[in-house]
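Hi,

Here is the structure I promised to pass on. Have a look first, and then read my notes below.

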Amino acid sequence: VAGKKLFVIVPVTAYSSTPDQTDASPFITASGTHVHDGTIAVNFLPFGTKVKFPDYAGNKVYTVEDRHSKRLSDRADIWFPSRGEAMHFGARALQMEVVD
């Protein structure tokens with residue numbers, strides 16, 4: 001429906017660019033981009049999909065550029081520049097709005 005927003009509650013976790021959380025090329029996403037503020041890993045949306053987490057980050061837009069292991073396919077994973085920031089975020093259930 002035109003003009004209608006799609007919201008869904010999803011488990012959201014966090015990761016950083018360390019080999020134990022990613023792979024041998026921790027700064028390169030599954031889509032081939034370099035990680036940056038606003039990168040998220042989501043298996044159930046296509047690369048390039050734009051989303052917001054209004055209750056967490058207001059109008060900040062995140063872009064699906066990375067993937068999880070198959071066992072984590074039900075969640076979104078926000079990239080952070082440091083392990084400490086990712087650990088501080090922890091795990092939350094957040095409302096996710098698909099923007100694009």
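To start with the strands: how many bridges join S1 to S6, and do they run parallel or antiparallel? There are seven bridges between S1 and S6, and the two strands run antiparallel. Keep in mind as you read on that this is a predicted model.

Next, the core. The largest nonpolar core is made of 17 residues. Val12, Ile40, Val51, Phe53, Ile78 and Phe89 are the ones with the most contacts inside it. At least two core residues come from each of these elements: strands S1 (6-15), S2 (39-42), S4 (62-66), S5 (76-79) and S6 (92-98), plus helix H2 (83-89). S1 gives the largest share, three residues.

Setting aside neighbours within four places in sequence, its contacts include Val51, Phe53 and Ile78. Ile40 also touches a run of residues from Tyr62 through Thr63, Val64 and Glu65 to Asp66.

Asp66 sits in strand S4, and it is buried yet has no salt bridge. How far away is the nearest side chain of opposite charge? It belongs to Arg67, 7.5 Å away, whereas a salt bridge needs the charged atoms within 4 Å. Again leaving out neighbours within four places in sequence, Asp66 is in contact with Tyr15, Thr29, Ala30, Ile40, Ala41, Val42 and Phe47.

Finally, the rings. The count of aromatic pairs comes to three. In one of them, Tyr56 and Phe89 have ring centres 5.0 Å apart and planes at 80 degrees, so this pair is edge-to-face. Tyr56 lies in helix H1 (residues 54-57) and Phe89 in helix H2, so the pair ties together parts 33 residues apart in sequence. Are these two buried or exposed? Tyr56 is partly exposed, with a relative accessible area of 30%, while Phe89 counts as buried at 5%. Phe89 also pairs with Phe80: their ring centres are 5.6 Å apart and the planes at 40 degrees, so that pair is tilted. Phe80 is buried, as is Phe89. Together, Tyr56, Phe80 and Phe89 form one aromatic cluster.

Cheers

Terms used
Residues numbered from 1 in each chain as written. Predicted model: local features only at pLDDT ≥ 70, side-chain atom pairs only at ≥ 80, totals over all residues. Heavy atoms only, no water. Core = buried A, V, L, I, M, F, W, Y, C linked by side-chain atoms within 4.5 Å. Buried < 20%, exposed > 50% of the residue type's maximum accessible area, 1.4 Å probe, protein only. Helix = DSSP H or I, 4+ residues; strand = E, 2+ residues; numbered from the N terminus. Contact = heavy atoms within 4.5 Å. Pairing = 2+ DSSP bridges. Lys, Arg positive; Asp, Glu negative; His and termini not counted. Phe/Tyr/Trp six-rings, centres within 6.5 Å; stacked < 30°, edge-to-face > 60°.
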